[in-house]
Amino acid sequence: MSEEENILPEDIPQEQSTGETISSDEPVVETEQLITHNSQLSTPDMEVHHHPKVEKKNFKEYLLEGLMIFLAVTLGFFAENYSEHVTDAQREKEFAVELYAELKSDSTVAANMFLIRGQKLKDMDYLSSYFKDSSLTALPKAFYPAYTTSLYLINSYSFEPKDGILEQLKSSGSLRYFKSAALQKLLGDISVCINNMRYRNEQEYQFFASPIKSFMLEHYDFSWLNRLRNGDDTIHALDLLNNYRNSNRYVDGKILNLLSLDKSEVGNMIQFYKQMLVSTQSLQMNNYIIANKKILQLLRTTYSLENE
């Protein structure tokens, strides 16, 4: 046998998986020692925490803490309510000022309208008598101004109360800010007065639409107004007529279609219209003025507003 064949298996060097040769001279480490050593390396030292002793609170301390919390919540509640109260009071005053301004303006308009409607009633008495008792051919200077104010100028004598602020307060629910029960009642009353006034205005206009309008189209000389204006369209009709009454100027006018005019019928029509206007003033308009005055007085007293 050759020398190679005589080599025993245990004499052959063993190779690791990496291909390196393990020297037979290196000491062999026991498996259990390696496991123990690795376990010691991977396990950190655990610290032991000692919890401090908590001193238990007695009943008085718990009661004091509860009382402090209750007081804090209560004070917060009162502070919030106070803030809301201040805000509500400010809004109430602002709404009162706005409502006062609107009603004050309307009270001035209503008082002026009452006066000029009184002048219109006088013109209607004059016109009615003239239609019944005169020849209607040679017209005096006073005829056409009275003719115009009585049967032609309608909107100039119509009182339309304003309620923009009041309606805004009602629609937004802001009337609740007014704490006065008396004021709440008066605001309800004036709302009724405003609706009645508007309904009455509609009735007056309907009478103008028929029969007055058709009568005017047949018998009123609209060219008279053009000659009176003399090209000046900027001045209001009432001012134009008042200036004419107080001047020495004379503008000739005539009644159109005299042959078809029934003098007695025209006189009655004017008197009926006058009674309608009188009824409006004595009822709807007067009721509004009274309610307006009461509200203004209450607003001045309650909210220390100006007293004019």
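## Helix α8

Helix α8, which covers residues 263-303, contains 41 residues and spans 58 Å from its first C-alpha to its last. That span is close to the 60 Å expected at 1.5 Å a residue. These values, like the others in this report, come from a predicted model.

At the start of α8, a side-chain oxygen of Asp262 comes within 3.2 Å of the backbone nitrogen of Ser264. After the helix comes Ser304, which has a positive phi, near 55°.

## The kink at Asn286

Where is the kink in α8 centred? It is centred on Asn286 and amounts to about 35°. Asn286 has a relative accessible area of 29% and is therefore partly exposed, since this class lies between the limits of 20% for buried and 50% for exposed.

When residues up to four places away in sequence are not counted, Asn286 touches Thr280 and Gln281. A further relation concerns Phe114: Asn286 and Phe114 are 172 residues apart in sequence, while their C-alpha atoms are 9.0 Å apart in space.

## The overall fold

The protein has eight helices and zero strands. Read from the N terminus on, its elements follow the order α-α-α-α-α-α-α-α.

Of the 308 residues of the protein, 32% count as buried. Among the contacts with a separation of 6 or more, 82% are between residues 24 or more positions apart.

## Aromatic pairs

A pair of aromatic rings is described by two quantities, the distance of the centres and the angle of the planes. The structure holds 21 aromatic pairs. One of them joins Phe143 and Tyr147, whose ring centres are 5.1 Å apart and whose planes meet at 50°.

Tyr152 and Phe222 form another aromatic pair, with 5.4 Å from centre to centre and 75° between the planes, an edge-to-face arrangement. Tyr152 lies in the loop between α3 and α4 (164-172), and Phe222 lies in the loop between α5 (181-219) and α6 (223-229). The pair therefore ties together parts that are 70 residues apart in sequence. Tyr152 is partly exposed, with a relative accessible area of 31%, and Phe222 is likewise partly exposed, at 31%.

## The ring cluster and charged neighbours

Ring pairs connect a number of aromatic residues into a cluster. Its members are Tyr126, Tyr130, Phe131, Phe143, Tyr144, Tyr147, Tyr152, Phe215, Tyr220, Phe222, Trp224 and Tyr244.

Arg176 lies over the face of Tyr177, 4.3 Å from the ring centre.

Methods: Residues are numbered from 1 along each chain as its sequence is written. This is a predicted model: local features need pLDDT of at least 70, side-chain atom pairs count only at pLDDT 80 or more; totals for chains, interfaces and linings use all residues. Side-chain values use heavy atoms; hydrogens and water are left out. Rings of Phe, Tyr and Trp (its six-membered ring) pair if their centres lie within 6.5 Å; planes under 30 degrees apart count as stacked, over 60 as edge-to-face and the rest as tilted. Helices (H or I, at least four residues) and strands (E, at least two) are DSSP runs, numbered from the N terminus. Buried means under 20% relative accessible area, exposed over 50%, partly exposed in between (1.4 Å probe, protein chains only). A charge sits over a ring if NZ of Lys or CZ of Arg is within 6 Å of the ring centre and within 35 degrees of the ring normal. The expected span of a helix is 1.5 Å times one less than its number of residues. The bend at a residue is the angle between axes fitted to the seven residues ending there and the seven starting there. A polar contact is a pair of N or O atoms within 3.5 Å; within protein, one must be able to donate a hydrogen and the other to accept it, and residues adjacent in sequence count only if both atoms are side-chain atoms. Contact means heavy atoms within 4.5 Å.
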